[in-house]
Amino acid sequence: MDIEEKQADLIDYFVKQAQSLTGASLAGVVVDATSHPSLFAFSEILSVPNVAELQGTEHSKYLDLLQLFAHGTWNDYKSNAVSLPILAPDQVRKLKQLSVLTLAETSKVLPYDQLMQELDVSNVRELEDFLINECMYAGIVRGKLDQWRRCFEVQFAAGRDLRPAQLDGMIQTLSSWLATSDNLLLTIQEKIRWADTMGELEKKHRKEVEDRIDEVKKNLKVRYVGRKHLTYLMAEATNYKQADMDLRGHEEYSEPGVMDYEEDRSRPKRRRQPLV
């Protein structure tokens with residue numbers, strides 16, 4: 001079970017206790033709540049009507065104590081110790097843990113000197129043991145101890161109860177964040193519509209290109225077939241012309257004045273006259 005679930009169960013338990021008790025018994029609930037090692041949120045208990053009714057009674061200092069654990073620090077307690085109940089060791093440890101969370105709200109790099117002063121720790125070894133055993137092991141902070149730079153680098157810190165003065169600022173911050181988120185959502189939607197439009201145009205253009213390519217292919221095929229047929233006709237004409245030339249050449253060799261051998265044999269021969 002993580003710290004948030006533990007918090008929820010403990011808050012529910014102490015709220016139910018506070019709703020059913022008054023006076024000294026209710027003061028005891030406040031002491032138990034501020035001493036519990038796993039409870040770090042107290043606003044819900046403060047909002048119980050029975051707790052608010054402690055104001056102005058002999059137990060009003062327990063209401064002040066609960067408010068201190070909700071919003072204050074160890075230094076705040078030291079400044080007002082005379083008007084507050086004496087703290088048990090568990091409460092002292094808890095208030096110092098809450099003090100670390102308060103410091104982490106304003107800075108993520110906490111110098112050792114500042115921490116030792118805020119927590120009344122006399123040396124670095126004691127401070128690092130507290131940060132490791134009482135804060136990091138408890139799950140309320142995560143970070144890195146830098147002995148070379150003498151500081152605690154905060155990576156995570158659980159949130160504390162909001163002070164009344166912080167509520168308006170928190171509402172304003174959330175409202176600003178909501179407005180920014182709405183504007184961002186509109187921008188994203190416009191980008192999506194633009195992308196859809198460009199996609200359709202691209203699809204249409206691709207179709208036109210593909211149709212044009214098909215048309216060109218058909219034209220090239222027709223031209224190729226026509227050219228092939230023309231080449232065939234030209235070859236046939238060439239062959240015909242060559243045959244004709246061959247025939248004419250043969251006739252030229254058989255022209256009049258040249259007798260064939262058979263014709264020469266059929267003609268009577270003239271006798272030669274003897275020479276006197």
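1. Let's start with a term: two residues are in contact when heavy atoms of theirs lie within 4.5 Å. In that sense, His71 touches Ser43, Leu46, Arg160, Asp161, Leu162, Arg163 and Pro164, leaving aside residues up to four places away in sequence.

2. A word on what you are looking at. This is a predicted model, in which local features need pLDDT of at least 70 and side-chain atom pairs count only at pLDDT 80 or more, while totals for chains, interfaces and linings use all residues. Residues are numbered from 1 along each chain as its sequence is written, and side-chain values use heavy atoms, with hydrogens and water left out.

3. Back to His71, which sits in helix 5 (residues 60-71). Helices (H or I, at least four residues) and strands (E, at least two) are DSSP runs, numbered from the N terminus. Is His71 buried or exposed? His71 is buried, because its relative accessible area is 19% and buried means under 20%, exposed over 50%, and partly exposed in between (1.4 Å probe, protein chains only).

4. The side chain of His71 also reaches the backbone oxygen of Leu162 at 3.0 Å. This is a polar contact: a pair of N or O atoms within 3.5 Å, where within protein one must be able to donate a hydrogen and the other to accept it, and residues adjacent in sequence count only if both atoms are side-chain atoms.

5. Leu162 itself lies in the loop between strand 3 (151-157) and helix 10 (164-253). With a relative accessible area of 37%, Leu162 is partly exposed.

6. Now look at helix 9 (residues 124-136), where Leu127, Glu128, Phe130, Leu131 and Cys135 are buried. Their cover includes helix 7 (89-106), helix 8 (112-119), strand 2 (141-146) and strand 3. At the start of helix 9, a side-chain oxygen of Asn123 comes within 3.2 Å of the backbone nitrogen of Arg125.

7. Which cysteines can you find buried? Cys135 is buried at 0% relative accessibility, and Cys151 is buried at 3%. A disulfide is a covalent bond between the sulfur atoms of two cysteines. Counting pairs of cysteine sulfur atoms within 2.5 Å as disulfides, the total is zero.

8. Asp120, in the loop between helix 8 and helix 9, has a phi near 60°, a positive value in a residue other than glycine. Arg150, in the loop between strand 2 and strand 3, has a positive phi near 55°. Asp120 is partly exposed at 41% relative accessible area, and Arg150 is partly exposed at 36%.
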